[in-house]
Amino acid sequence: MTHRFSRRAKASAAALGAALLIPIVAAATPAAATTPAVSCTSGKAGLAAKLTKDITAALANRKSTVAIGLYDRSTKTTCTLRGTTAYDSASTVKVTVLATLLWDAKKHNRYLTSTETSLATAMITKSDNDATSKLWKQLGLTKIKDFLAAAKMTKTVPGGGGYWGLTQENVADEQKLLQLVTAKNSVLSDNSRAYIQKLMGQVVSDQRWGTPAGAPSTVSVHVKNGWLQRSTHGWRVHSLGTFNGAGHDYMMSVLTQDNSTMDYGVTTIQNVAKAIHKDLVPTTAKTARYVPTSRPSEAFVATPAQ
């Protein structure tokens, strides 16, 4: 049986077909957002490719938004992911507060007072918030900003209204800070650097999670962590670490947000750290590796009403 369509029917069918096609074409137009990839370079053959592969694997299927900075002086190795993305600092800013205090004391050719020493020790080793607030207020934003300028931490913005935990930081600047802490420079004196590393090496056990995970017993570990939960971007969970020994001198900053829980963020950071330590520092089967506490803790920093 032959079907005949009138000219009007054919026109209607064509219009309908066009109408049906338009949403399909429109929906296919926007390009899918690309997830940034970790980028590594190294003076040691094959190391950059191995780190890139293993860090990528460590992040596979993780829903956190992760920023990574790594630098190893001994092999001239660097890795970066979301290097310039800003995160709320939470308690990791406490290293900057201590560095500012020591930098300012050096400028005025003086030692820390006994009160300052007590506050600094509590701030780093126990992540004491009250101690931090007292030092933050004593220093004031002008001195903190002056230190950031001297350290070339140009993208770090101190939190306003006394909310130091809302300082905006990124891994590029945190790596600059850790490099100042771990090698001779004109910003921090040798004594200041040694003091910062000493306190970061004495952090209480339940706060020694994150970047130290998987560190071989042949390297010394210095760490400062932070976490913060807000209505946007969920849990921020961060870890800064420096490591020295076994012919290596390296530092690692891992900042994360969009974590569903604190534990989820801790696990994400420790997955990355384990991969980095394994690739950077060759060990034997008998070498012990650091296993962090199964019950990590950190101080909750003050934030405005959300």
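**Notes on the predicted model**

1. Starting with the overall make-up: the protein has eight helices and eight strands. Keep in mind that this is a predicted model.

2. On burial, 49% of the 306 residues of the protein count as buried. As for the surface, the accessible area of the protein is about 14900 Å², and carbon and sulfur atoms own 57% of that.

3. A word on contacts. If you take those in the protein with a separation of 6 or more, 70% come from residues 24 or more positions apart.

4. Now the sheet. Six strands form an open sheet, and reading across it you get β1-β3-β2-β8-β7-β6, with antiparallel pairing. The edges are taken by β1 (39–41) and β6 (220–229). Each of these two has a single partner strand, so one side of each has no neighbour in the sheet. From one strand to the next, the twist averages 10°.

5. Zooming in on one pairing: β2, residues 65–72, and β3, residues 77–81, are joined in the antiparallel sense over five bridges.

Methods: Residues are numbered from 1 along each chain as its sequence is written. This is a predicted model: local features need pLDDT of at least 70, side-chain atom pairs count only at pLDDT 80 or more; totals for chains, interfaces and linings use all residues. Side-chain values use heavy atoms; hydrogens and water are left out. Helices (H or I, at least four residues) and strands (E, at least two) are DSSP runs, numbered from the N terminus. Buried means under 20% relative accessible area, exposed over 50%, partly exposed in between (1.4 Å probe, protein chains only). Contact means heavy atoms within 4.5 Å. Accessible areas come from the Shrake-Rupley method with a 1.4 Å probe; for residues, only the protein chains shown count as cover. Two strands pair if DSSP finds at least two bridges between them. Axes are lines fitted to C-alpha atoms, for helices over the stretch in contact, and angles run from 0 to 180 degrees between N-to-C directions.
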